[in-house]
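Have the sequence and the model at hand as you read.

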Amino acid sequence: MKLWKDLGVNVALASDNIDDPFHPWGNGDLLQVASLALYAAQLQPDDEIDVLRAISYTPRRWLSADRDPLAPFHPADLLVLPLAQVHAVFTQMPQARAVFKQGRLIRRRVIIVD
């Protein structure tokens, strides 16, 4: 069976459902959206990178058609997570993270555990 990625289909994921009747658990976290997509589409661990691209690289590329969002020397928009493996994004769903917009740190959440 061919999957969407095997057919060359670009998929983007997003959600505007934040604490509303349609999705009362929505919180604006795209990692939550990606995790739900993995379950809903019955994907496998080797699809994790594609799902992460669907919440990051692909929509950004569509919105910035004039240039590659990962072009060298351009200010970055990115999320930094304290993880050693991609798989841990979905097994740990870390709350600690740093968010950069146009190369500047705009939000940092540190979790301290005793």
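Two strands count as paired if DSSP finds at least two bridges between them. The model discussed here is predicted.

Q: In what order do the elements of the protein run from the N terminus on?
A: The protein has 4 helices and 3 strands. From the N terminus on, they run α-α-α-β-α-β-β.

Q: In which order do the 3 strands form the open sheet?
A: Strands of a sheet pair through backbone hydrogen bonds, either parallel or antiparallel. Here the pairing is antiparallel, and the order in the open sheet is β1-β2-β3.

Q: Which are the edge strands?
A: An edge strand of this sheet pairs on one side only. That holds for β1 (78–80) and β3 (104–109).

Q: By how many degrees are neighbouring strands of this sheet turned against each other on average?
A: The value ignores direction. On average, the turn is 20 degrees.

Q: How many bridges join strand β2 to β3?
A: β1 and β2 pair over 3 bridges, in the antiparallel sense. There, L78 stands opposite F100 in β2. Strand β2 (residues 97–101) also runs antiparallel to β3, and the bridges joining these two number 5.

Q: Which residue in β3 is the bridge partner of A98?
A: R97 stands opposite R109 in β3. For A98, the bridge partner in β3 is R108.

Q: Which residue in the hairpin of β2 and β3 takes a positive phi?
A: This hairpin has 2 residues between the strands. The positive phi is near 55 degrees, and the residue that takes it is Q102.

Q: What percentage of the 114 residues of the protein count as buried?
A: The protein exposes about 8500 Å², and carbon and sulfur atoms supply 58% of that area. Of its 114 residues, the buried share is 27%.

Q: How far apart do the centres of the positive and negative side chains lie?
A: The protein has 12 positive and 13 negative side chains. The centres of the two sets are separated by 7 Å.

Methods
Residues numbered from 1 in each chain as written. Predicted model: local features only at pLDDT ≥ 70, side-chain atom pairs only at ≥ 80, totals over all residues. Heavy atoms only, no water. Buried < 20%, exposed > 50% of the residue type's maximum accessible area, 1.4 Å probe, protein only. Areas by Shrake-Rupley, 256 points an atom, 1.4 Å probe, with all protein chains shown as cover. Lys, Arg positive; Asp, Glu negative; His and termini not counted. Charge placed at Lys NZ, Arg CZ, Asp CG, Glu CD. Axes fitted to C-alpha atoms, helices over the stretch in contact; angles between N-to-C directions.
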